[in-house]
Amino acid sequence: MADLNLLAPPPWDDYELLDSGNGAKLERFGQYTLVRPETQAIWSPNLSEREWQRADAVFEKVRGEDGAGIWQQRRQLPEQWLMHDDHLAFWARPTPFRHTGVFPEHRAHWAWMRRQLASRRAPRVLVLFGYTGLSSLEAARVGAQVVHVDASKPALRWAQDNQEASGLTDKPVRWLIDDAMKFVAREIRRGHSYDLILMDPPIFGRGPNGELWRLTEQLPGLVRECVSLLSESPLGMLISAYATNISALTMQNVLTEAMAHYQGTTSAGELVLRESASGRLLPAAIYACWSSGAAPHQEQHPAV
Ligand SMILES: C[S@@+](CC[C@H](N)C(=O)[O-])C[C@H]1O[C@@H](n2cnc3c(N)ncnc32)[C@H](O)[C@@H]1O
C-alpha cells in the first residue's frame with residue numbers, strides 16, 4: 001500500500017518562506033518580501049510583528065471580487081523584477097489575484113522530471129494549464145520538445161518573456177492559447193503523442209472561449225484522455241493542484257486507475273514549503289505522479 005509523501009523544493013537563494021500564521025504567509029521573492037493570504041496557515045506566526053511589518057507589500061483581498069485584491073505597498077515595488085534559479089531566469093510580478101508568476105513548490109518536481117526525460121532523446125512533453133511556463137522551460141532546457149497550453153494570453157506572454165530572460169529562445173517550445181480539454185481531444189484526433197504530461201489545473205477556470213473547467217468534475221475525464229495521448233512507452237504523468245478539497249490519495253487513485261495498463265509506479269502526496277527560520281512545513285499543493293519504471297517520484301528532497 002502506498003504512503004503519501006511530503007516533498008519540498010530544494011534550497012533556493014531567490015525564494016524563501018520566512019514565516020506563516022494568522023491566515024497569511026511572509027515570503028521573499030528575490031529582494032522583495034511579500035505578505036499574502038494563506039488559508040492553511042491557521043497557526044501563530046513565529047516571527048515578531050515587527051518582522052512582518054517590514055514586508056515591502058501586503059496583499060489585501062477585496063470583498064466579493066472573486067479573490068481579487070490590492071497590494072498595499074509599504075515600499076514601492078517595481079512592476080516586475082527578475083528572479084533566478086540554478087538555470088532559469090524569470091519575472092516576478094505582484095498580480096491582482098495575489099499570484100506572483102512563480103509557484104516555488106513546483107521546483108520539487110524538477111529533479112524527477114529531468115531524470116525521466118534524460119532517458120530519451122528529444123522527448124515530447126505536454127504541459128497543460130502551464131501558466132508562466134517555468135516547468136515548460138525547465139523541460140525544454142534539458143532537451144524536451146514542449147507543447148505548453150494555457151487559456152490566458154497575458155500568462156502566455158509572460159511565459160515567452162521568461163523564455164527570453166532565460167536565454168532559451170532557441171529551444172523548441174510551442175506556446176498555445178487553448179482550452180485544456182478541447183486541446184487534448186483535438187490532439188487525440190490528430191494522432192499526436194507525448195512521452196511526459198504535466199498538468200497544474202486550478203479548481204475552477206475558464207478556457208479562452210469561456211469553456212468551464214471544474215477540477216473535481218473534469219479531472220478524471222481529462223486524465224483518461226491524456227492517457228490516450230501517451231506514447232508507446234511513456235515516461236511520466238504528473239498532476240498538481242492547489243486549494244482543492246480532494247485528497248492527494250483521491251488524485252492518486254484517479255491516476256492509478258487511468259494508468260492501469262502501463263508498467264510503472266504511482267506516488268502522491270503534498271508539496272510543502274519549509275519556513276526558513278523555524279523549519280515548520282506549510283502545505284502548498286497536492287500532487288499525484290505516475291513514473292515509468294520502478295522508482296516512484298518520492299525520493300527527491302523529501303521534507304521529513
Ligand atoms: C496558475 S495555474 C494553477 C496554479 C495553482 N495550482 C492554483 O490553483 O493557484 C492555472 C492556469 O490554468 C489556466 N487555465 C484555467 N482554465 C483553463 C482551461 N480551461 N484551459 C487551459 N488553461 C486554463 C489559467 O490561465 C492559469 O494560467
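**Reading side-chain contacts**

Tutor: Let's start with a charge over a ring: Arg93 lies over the face of Trp158, at 4.3 Å from the ring centre. A charge sits over a ring if NZ of Lys or CZ of Arg is within 6 Å of the ring centre and within 35 degrees of the ring normal. Arg107 lies over the face of Trp12, also 4.3 Å from the ring centre.

Student: What should I know about the model itself?

Tutor: It's a predicted model, where local features need pLDDT of at least 70 and side-chain atom pairs count only at pLDDT 80 or more, while totals for chains, interfaces and linings use all residues. Residues are numbered from 1 along each chain as its sequence is written, and side-chain values use heavy atoms, with hydrogens and water left out.

Student: How do I read a pair of aromatic rings?

Tutor: You describe it by the distance of the centres and the angle of the planes. Rings of Phe, Tyr and Trp (its six-membered ring) pair if their centres lie within 6.5 Å; planes under 30 degrees apart are stacked, over 60 edge-to-face, and the rest tilted. A search of the whole structure finds nine aromatic pairs. Phe59 and Trp71 make an edge-to-face one, 5.2 Å centre to centre with 70 degrees between the planes.

Student: Where do Phe59 and Trp71 sit in the chain?

Tutor: Phe59 is in strand 5 (residues 57–61) and Trp71 in strand 6 (residues 69–73), twelve residues apart. Strands (E, at least two residues) and helices (H or I, at least four) are DSSP runs, numbered from the N terminus.

Student: Are Phe59 and Trp71 buried or exposed?

Tutor: Both are buried. That means under 20% relative accessible area; exposed is over 50%, and partly exposed is in between (1.4 Å probe, protein chains only).

Student: Why is the pair of Phe103 and Tyr131 called tilted?

Tutor: The ring centres of Phe103 and Tyr131 are 5.2 Å apart, but their planes are at 40 degrees, so the pair counts as tilted.

Student: And what about salt bridges?

Tutor: A salt bridge is a side-chain nitrogen of Lys or Arg within 4 Å of a carboxyl oxygen of Asp or Glu. The whole structure has 15 salt bridges. In one of them, Arg114 meets Glu138 at 2.6 Å, N to O. This pair links helix 2, which holds Arg114, to helix 3, which holds Glu138, 24 residues apart. Arg114 is partly exposed at 30% relative accessibility, whereas Glu138 is buried at 0%.
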